[in-house]
Each structure stands twice: as C-alpha cells, then as structure tokens.
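Trainee: Could you take me through this structure slowly, one topic at a time?

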Amino acid sequence: MSKGARLFPLLVLFVLALLVGIPLLAVVFISLKTGLPGQPGALTLANFRSVFLAPGTHIVLWNTIVFATGTMVVTLSIAIPMVWLLNKTDLPLKGFFYLLMIVSVLIPTFLRAIGWILLTSPRIGLPALLGIEELNFSLYNLPGMWFVQGISFVPASVFMLSAAYRAMDPALEEAAYTSGVGKLMTFWRILVPLTWPAIAAVFVYFFITAMSVFEAPAILGLPNGIFVLSSAIFEAVEARDGLPKYGEAGALGMFIIAVGFLASLFYVRIIKQTQKYAVVTGRGYKPRLVQLGRWKPFALGFVVLYFCAELLLPFLIFFWASLLPYLRVPSWEALNKLTLVNYANIFDYGGTEPFANTLILIAVAPLLTIALSIPVSWIVVRSRFAYRGTLDTLVFLSQAIPNIVLAVTLLYLFLITRSTLPIYGTIVTLILANVINSLAYATRTINSSMIQIHRELEEAAQVSGVPGFVTVIKVTMPLVAGAVFNGWLWVVLLTYREVTMALVLGSPDNRVISTVIWALWSEGRVPQVSALGVVMMATFFILVLLLRRVFGGFYADRLA
Amino acid sequence: MIQIQGLTKTFGGVGGRIAAVNGIDLEVEEGEFCVLLGPSGCGKTTTLRCIAGLERPDGGLIRIGHTLVAHPETGVFVPSEKRDISMVFQSYAIWPHMTVYDNVAFPLSWGRRKVNKHEVGRRVDHALALVKLEALKNRPSTDLSGGQQQRVALARALALEAKVILMDEPLSNLDARLRDEMRIELKRLTSQLRVTTLYVTHDQIEALSLADKVCVMNEGSLLQIGKPEEVYKQPRDRFVSEFLGQMNFLTGRIAAADCVESEIGKLAVMIPRGLTIGDEVTLGIRPESIALRRNSEEVSRFPQGEVTVRSFLGNSVLYEVRVGDAMLRVQTGDDSFLPQDSIELHFPADAWRLFLKS
C-alpha cells in the first residue's frame, strides 16, 4: 500500500476528531468554566451547584420528564395501530398514506405547533368555526406540547417499527396457527413478546430525543413560562435579563448528554436483543393480509383523522391565513378579502438575504456531510484500518450531543476564537453545525448499503490488478450511488427545515427562512408566517412527489 | 386422510390475476408419505398452504380426515388453528423468545389441542427424545444451530400428534451433509410413526428417497402421481423425466414394431401402446441405463462413439460420449475408459422412454 493510502484514514480520523471531539470536550469545559467567555476564570463545579441547587431547576427536570413521557404516550398510541394497519391489513390507499408519512416527517415541528395554535385559537380557529368560542381551551401547556410533539414523532417511529416488523419471519405467527393456537393467544404469546424489543427501542430512542427537542417546548411552553431542559438552556444563553449564562447552559447540557448516554447504552442492549430475534427467514412468503371487513371505515377514519391533525389542518390554516390581510374565520365576507399580497411581498419580510443564505446552507452543508461520510463509511465497513472502531465511536458520539447543546457549544467556541477565526455570526457557523449534526445519519445510510455489497466484488477487481482507489471509485461507488444520493437528499431536506441551531447561532447576517418565520411569529405577523409556511410545506410536498416519480422507491425508513 | 378436488388459487399481480394452482386433484392415504415435487413457482407451496389454512383457495374442496375444511363454493373455511394438522416450516419458525422445551410445549399448553400438564411433559420429552434433543431442552432456542432448530421444529410438529404433518421444504436451509443425515432420520421417524405426511420440495433426491408417493407439479398443475420407481422409470412426459434426474434425448421416427430410426442410427426399442409406425418421437434414456464396451474392431451393429470427457464421481464415472453429431452422457461403474477412447454403446431396449413429438 502506498504512503498516501496509509495516511488517508488517519486524515479522516483527524477531521472527525476535530468535528466531534472538540464540541464534546467543549461542553465539559463550558460547564466547569466560571466567568465570561474568553476571560480567565477557574474551572469549578460552581455552575452545577448554581443550576441544580436553584429552586426552579427541579421543576424544569420534572417538566422535561412529564413532557417526554406524555409525548411518547401520544406517539406510541397512534404509531402502533398505524404500523399494524399499514403492514398487516387490507387497508386501502396504503401507498398514498406512506407518501404522506414521508412528507409529514419533513414538516418542521414548529410549523405544526404554530398551525395548531391558530387552529385552536378561540376567536379565529376551529372553536369559532364550530361556534364553541366560550370553551376555554389552550395549547400553551404540557398537554398541548404532548399533542404537537407526539404527533410529530409518529411518522419516524412508524418507519422504525415497520422496518422491525418486516424483518420478522411471518412463519413465526403461522407456526402458532398451524399448531392449533388461536388468534388472541398468538397475539399475546407470540406477536407481542417478539415485537416488544422493537417497541421498547423506539420508545427509548424517541424518549431521549423528546428530552432535548426545542421547537414545541419553545413555541408552546415559553409564553406561559413552562420550561423544559432545552428551553432552559436557550433562555440561559439568550439572557433577556443580563449576561448570557454559558456555564449554566453547559451544566444543563452535560446533564442531558449524561442521561442520553445512559439511555443509549440501554438502547444498544435492546437493539442487540432485536437482532437476536431476527432468525433465519424462508423465501419471504408474503403474509396473508388481515381482512378488516366491517371495521374498514373505522380504520380508514383513524388514519385520515391522524393525517388531518398531522398535515392537512395545519396546512389548510396556513393556506387560508396566507390569503388574508389578517386571520379571520372563513365566511363569504372573508372570501371577498382574499389577496395574494402576502406572497407578492414575500421578499420584504427579511429581505432576499435569508433565501440566499438558505440556498447556500442547503447547497454546501449536505455536500460536505456526504463527502465526509463516504470515506468514513468505507473505512468503518471495508478497510482494515486499526482505528476504524474509534472512527465508528466518534460518529456514534456525534449523536449524543443534542442540537440545542451543540449549537450553544459552537456559539461559545466561535465567540472565544473570534479574533483568530472570524466566523462568529456568519453562515459558516450554520454550515458547520449542520454538518456535525447530520454526519451520523448520512454515515448510517451509506454504511447499511455498503455492508450489502459483497466484499468479493472489490476483491475481484483487486486480484485482476486494479489499484485500490480505482476499485473504490469504479466498483464500490457506483454500487452505493443510490444510497449516497438518498442520504444527500435527506440531509438537504433536514437542513432546510432545521431551526433550533439556526436560532441559537443566529445573527443579523446569517438569517435563514426558518428563523425568519420564527421571528415573524414572535412579532405576531400571522399572514406573513403563513405565506412562508405554505412555501416551505409546498416545497417538501413537491420535492417528495417529484423524487418518488423519478426514483421510484424512497428510502424513508433509513431516516430513523 | 387428505382429499383435494379441483383446487384453484389465484394471486393478484401487476398484469391481472395469476393462477398459482390450477385445478388439482390429490388423495393422500392414512400413514402415507406424499411428496409434492416441482420447480419454484409451480404451486406446490401454495397447495400446501391451502391445506394448512394459511391461504384461502378460490375453488375446489379440501378434506382432512372426514372434515371438510375448505369449500369456497359454500363458504366453508376452517381457520388453521382449528384444523387437525401440524406443520414444519422452511425457516423452522422457532419462537426465539422461548426455550427448546417451551417451543414444543407451547401449542400443547395454550392451543386448541391442549392437554393436561402431565401429558404435556410426557409428550414433549417423548418428541425431543425422538429427535435426540433431550439434552438441550432448557436451552434458549436462539443458541441452537440450524440443524438443531430443524429438529425442534420437527419435535414440535410430532408432539401435537396431529392426523397430518405438513412439511414445507424443511431441509432446504441445511448444508449438504446435514441434509443427507436429516433426510435419513426423517425417513426413519416417519416410517416408525406411520404418520400421514405431505412434504413439499424441489429436490428430486429427497422426493425419491422419502416418498411413498411422488406428485410432480409444474405451472399449477399435477403432471404425474406415482410410486418413486414409477415416476423415475416411466415418466409421462419430458418435463417429468428431466426433473427427476439426468436424461439423454434423441429425435427419431418409428420405423418398425421394435425399431426407431434415430439420429445415431437404428435402435432396438420397445414401442409403447399408442404409438404407431411413422410417428416422430423424442427418445429418452437415463445415463445409468447405457453400457459402454470397447470397440470390437469388426463391423458392429451397435452405435460407435468416442469418449470426450471423463468425470470420476467416486462410486461411478460419468462419461460424455460423442456419437455422430449427438452428445450422450453415460454413468457406469466401469472406470477403465479414457478420453479419445473409441467405444460402442449398448442400449437395453426396455430402457428407452418414447414421447410423441409435439
């Protein structure tokens, strides 16, 4: 092997160590550091003391647990029947519902939260339309957050559960029937115990995620002073009442990372169990579909109702509001006031700059992510590089830092290195943050496709005298091209809708569409929020439809 | 014990419905080992799954014992769990969250054919003893090798003491050596227990060695039913003959009551009833039915040829022989011929199969 070929993996390892290692170490540093960023200060446990001994913190912790638990109850009680209906029954329009799931997974939670606030507002939303204005109902509380976050997690968990369900051999169920065991007993004694690890894995995975999500808690919790960990971190850094408290944000961030890390150890254990259950399968005989019969209308109603809540109603209210000078209940009078002015003026809300920034962001960040993921994947899956395990661990660790904590850490780092590395407040910060954030997802997508390519395909090229790097480019790459493209596309879409990190790292110079919507919402400019919201949602719908047409299958279940 | 009449089953496909099973009649006697043999996609597994109650037939009727279990015309359909059957799956379908013992005991303690606790223990122990797995009964089933899982699946099916055992390519996931071993074991068990068995496979060795009765299927239809010797030696058509083992084919025309004019010359052949002089026919002969002799120099009445390839198989040798423009395969115990040797071929007149050219 040439010297270059030997140094290359080391270079990749070095880049990844910088990207993942520095923020991780920085969180520890920030949580221990006292004093202002860039100024001398002792490393002590003072931040932990001041945070965890403060009277408000136990309420924040309690809120976080209650929020995450409630969210999971909502998610699983919709997702489990949904997985069953979509995979196991003769429910009509299954393909169409899958398509809607893919679109739903992309609609950012903050848009859904805003949509539902508009829908439930007593004077202009559904209550007014149904004539029940006096009903004192509000979404600005924990149940409201459960509902919005809960339905937002459904599509991704349906994809994860479906994948696990499909990996199960249908003969396991049939073997019970043919040996005389009834349907109910088969359900309880075979199906439930076998799918339990998958359900538990999904629960743990989304529970960790729920503990650190920011959008729904910020939109629905902050106005009433209901804090969870993520919004408490945001408030500590935003510091509307004085200096930013990076130390306290760091201490809270350390707490989330520690809990998340413990939970992921648990998660890995459950996943191992699931894999143990993946037995030899036969020729994949298609299992018989359960005939819904007279329950079909109810099943269909359940699915349609869910998509109304998840997708249709929020979109309709945005669409309606975007066509009016100010939001009001639909009526003949209101119809006369319809106008396209909110769309015509779309570049006046924040100038053209946010659009340009968004374009730069989604053009550069996903490309960098993929360019880094391909060598990482190849080294981890294929090479005999001595430190490939370390590389894999680094990728895994990059997931351990939640968006909000990563953003705060990067903000801090860019702040103290401002004089030597002048990128503080620029779009470069967002690009870096998104690359780190999507690295694990992209690598996993490419890994799973690279594993499927038999090593002998590469070895066949090598023994016929083709040099190693040519083999990778001419044999390996074309075979994983589909997965690479899909990975890239998803990273583009996820970067486009990202708002948490863009808010924390935000400055007047690096505004993107999502942060503009957020700012407009806090100013109460509903028609403008709606016009931009419609544009964003429509982009997702059109892109997904287009790509589905062009490429047929869409690897949606890779997302989770 | 199993009676099938006019069974049909279609599946919805992209271009309309495709018939997987196209009107099958079959009867399996009590204690009989019946094998459905055919290439993949011939409808044999669909037939088995219809009997198991895992598929709903579209037409015809199925009886197990004296019970009518499926008759679409009158809407009769008994679900799997109420049929007096047990089944061994291709993937074994061993429940991974249970131990070996529990896998066998579960249907007996929770199914419709449940028995009392004492009897469960007796039957499980007996079944595990039959497949020689007593020692592993408390192991988690995920610790087992493929061959051991296969034995558990068999024990589970035997412990139910059902009227009928259905087996769906049970040996196809095992490696060759293990497969041979399990095949002999299966033969020993089924002939010892005299249990009615319907067995699906695409492997002709399995079919011929295990079966009391072989049913050859293709494209949703039954082509021939008979004893293994019968279907092997007197295949009804070219497909059956080829599927059951190697066969050499020649073309020719019946020239006399005991003679066919073929591409390699005149051959003495027993002409079966139904064929007459002048018919164009395809002649088939199995490699082991042909004998080779050294060329005897003088003018011979036997077809002359030359050995082109010699493959030593251990217990026999497979030669490829050129006769005129035709290539024939000959399998014999005589290993003395070498490539380029001139030889003459001897064909027993009663070893030929004749099929009318379509």
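The conversation below moves from a sheet to a pair of helices and then to contacts between domains and chains.

Mentor: This is a predicted model, in which local features need pLDDT of at least 70 and side-chain atom pairs count only at pLDDT 80 or more, while totals for chains, interfaces and linings use all residues. Residues are numbered from 1 along each chain as its sequence is written, and chains are lettered from A and ligands numbered from 1 in the order in which they are written.

Trainee: Which are the edge strands of the open sheet of six strands in chain B?

Mentor: Strands here are DSSP runs of E with at least two residues, and helices are runs of H or I with at least four, both numbered from the N terminus; two strands pair if DSSP finds at least two bridges between them. The sheet has mixed pairing and the order E7-E8-E9-E3-E10-E11 in chain B. The strands that pair on one side only are E7 (85-88) and E11 (221-226) of chain B.

Trainee: How are H16(A) and H21(A) oriented to each other?

Mentor: Axes are lines fitted to C-alpha atoms, for helices over the stretch in contact, with angles from 0 to 180 degrees between N-to-C directions. The axes of helix H16 (residues 353-381) of chain A and H21(A) come within 9 Å and cross at roughly 140°. Angles under 35 degrees count as roughly parallel, over 145 as roughly antiparallel, 65 to 115 as roughly perpendicular and the rest as oblique. H16(A) and H21(A) are therefore oblique.

Trainee: Which helix gives the most to the side of domain 1 of chain A that touches domain 2 of chain A?

Mentor: The domain assignment, which is automatic or from a database, gives domain 1 (1-27 + 350-524) and domain 2 (33-282) in chain A. Their contact takes 20 residues from domain 1 of chain A and 23 residues from domain 2 of chain A, where contact means that C-beta atoms, placed from the backbone, lie within 7 Å. With eight residues, the helix that gives the most to this side of domain 1 of chain A is H18(A).

Trainee: Which elements give two or more residues to the side of chain B that touches chain A?

Mentor: In this contact, 28 residues of chain B meet 24 residues of chain A. The elements of chain B that give two or more residues are E7, helix H2 (100-110) and H4.

Terms used. Two residues are in contact if their C-beta atoms, placed from the backbone, lie within 7 Å.
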